[in-house]
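Colleague: Thanks for sitting down with me over this one. Could you walk me through what stands out on the surface and inside?

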Amino acid sequence: MPRSKSKAFPVGLYGALLLALCWLLMPTLFAPVERTLLGVAMLPQRWLAWFSAPPVTAAASALQTQCASLRVSLAERSWQHDVAPGKTVMPKSLEPLRCSVLRSQRIGGGGLPSELQLDRTYEELAGCIDLVTKGSELIGFLARPGIGTAAKDRPQDPARVLLLNHSQSRAVAAAVMLRDEAPLHCVVESAAAVDPSPLRTLLHDDPYRAASVRQGGALVRTLQLQASFIAAVPEGLSIGKARVFGYQRADGESLTIGIYVDPVNDTRALSYVVAWQGVPQAQPTELSPRYVTAQLRPLPDGRGGRCSLFAEAVVPDGAAVVMDGRCLGRARGLAFGQGICTSLAASKKPWAVLLLPDDPALPPQELFGEVVRTDGVQAWFRPRSTVITAGGSGFLFTGANGPFCPAGLLLGRTETESGRNLLRIETAAQSGPILASVVVEGR
């Protein structure tokens, strides 16, 4: 009889495969382990850096002076664009308070973010009404700690704004300003995440007219209406533009199924919003992020735009790396005060940016997109859903890219590509080790 062979179950192999599967499916759970292992792998490079050429130290320069002047211009023109139009619509007894956006989060209607986290606390905004605006546009409503989605928030936590496409936001009365016709009155509320737009209309005052609308693009504005199921808002605030959704019939006519609303601004690009104070109870304070010195050394990976980063403090993920007032990129934090800095040109992740045109009559424009092509120090940036209206040349700044990458850091000089929705950016070049600053503590 042939001898039977016993087959041992490969426990180690299947255990490794299971661990790898969990690593892929739950990256957040294993992120600390990955950061530690990568940090250990970079320690020899950090030790070797002590014996190599010393890094170049940043000193006061004309670029720093120019950056400071440009930031002042950006702040002044942003204020005029964000605040002044809303003053004509909001009650005279209210005072505007412009707030910086730290991040957008929580997917809502249309698959877009439905929450904004601000650089102010609930306590600082206790005297504000619920409405939040951007220019003459209604953005959403302030959340209140202990209520709804903010049930676990404390008064000392960063305030949250529930955008109109949030499932717990409030419906508002509105009017669709149809061309050559009387406005179509309706209610605007959050759409579903799978819908083509973040907002939808319902409860039309004339359902037959609503079903006969064939073209989109009509402005949608708020109505002042007292009802228990909708929010009381001032009349005349912009909500967005109407989008007609339907099917094409065999006879060539379209069958309208519903009317949706596209907001004026891409909520992923929002860097500043405006709250309105009725009775200020705690005066908000301007707090600047804290920087520490970091050493940057280019990585010899052949890609360019990526540097190893060594600091004397823990480097947070997404932290801005700055030199001479210019943002060199964002860092990925690793263990032992180390990280990888990736420039805008080399980044594969989307960025929120602010475009400041040279023409002083044009307002800054907030954009959200990514770099689609690079050539040396030049990079081409394409917005995802916004058309670049600030034509010509200008300067590009960081937008709301998280609490450790504040808005308003200079990225570079930019030109608009003629006939194409692209920005050509002159980014900073780095040829050797330098000393820079990295954000280690945000708002």
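Here are a few questions and answers about this predicted model.

Colleague: Happy to start on the outside. Which strands each supply at least two residues of the nonpolar patch?

Modeller: The patch on the surface is formed by Phe245, Tyr247, Leu255 and Ile257, with about 390 Å² of accessible area together. Phe245 sits in strand β10, and its relative accessible area of 32% makes it partly exposed. The strands that each supply at least two patch residues are β10 (238-248) and β11 (254-262).

Colleague: Now the inside. Which strand gives the largest share of the lining of the largest cavity?

Modeller: The structure has two cavities of 30 Å³ or more, and the largest one holds about 80 Å³ of space. Its lining divides into eight nonpolar, three polar and one charged residue; among them are Glu137, Leu138 and Ile139. With three residues, the largest share comes from strand β4.

Colleague: Let's turn to salt bridges. Is Glu115 buried or exposed?

Modeller: Glu115 meets Arg106 in a salt bridge, 2.7 Å from N to O. Arg106 has a relative accessible area of 44%, so it is partly exposed. For Glu115 the value is 0%, and because buried means under 20%, Glu115 counts as buried.

Colleague: And how many residues apart are Asp262 and Arg243?

Modeller: These two form a salt bridge, with the closest N and O atoms 3.2 Å apart. The pair links distant parts of the chain, Asp262 lying in strand β11 and Arg243 in strand β10; their separation is 19 residues.

How values were computed: Residues are numbered from 1 along each chain as its sequence is written. This is a predicted model: local features need pLDDT of at least 70, side-chain atom pairs count only at pLDDT 80 or more; totals for chains, interfaces and linings use all residues. Side-chain values use heavy atoms; hydrogens and water are left out. Patches are made of residues with over 30% relative accessible area and no salt bridge: like charges are joined within 9 Å, nonpolar side chains (Val, Leu, Ile, Met, Phe, Trp, Tyr) within 5 Å. Accessible areas come from the Shrake-Rupley method with a 1.4 Å probe; for residues, only the protein chains shown count as cover. A salt bridge is a side-chain nitrogen of Lys or Arg within 4 Å of a carboxyl oxygen of Asp or Glu. Helices (H or I, at least four residues) and strands (E, at least two) are DSSP runs, numbered from the N terminus. Buried means under 20% relative accessible area, exposed over 50%, partly exposed in between (1.4 Å probe, protein chains only). On a 1 Å grid over the protein atoms alone, a cavity is a set of points where a 1.4 Å probe fits but cannot get out, and a pocket is an open set with protein on both sides within 12 Å along at least five of seven lines; lining residues have an atom within 4 Å of a point. Grid points are joined across faces, edges and corners, and a volume is the space filled by probe spheres set on the points. Ala, Val, Leu, Ile, Met, Phe, Trp, Tyr, Cys and Pro count as nonpolar, Asp, Glu, Lys and Arg as charged, and the others, Gly among them, as polar.
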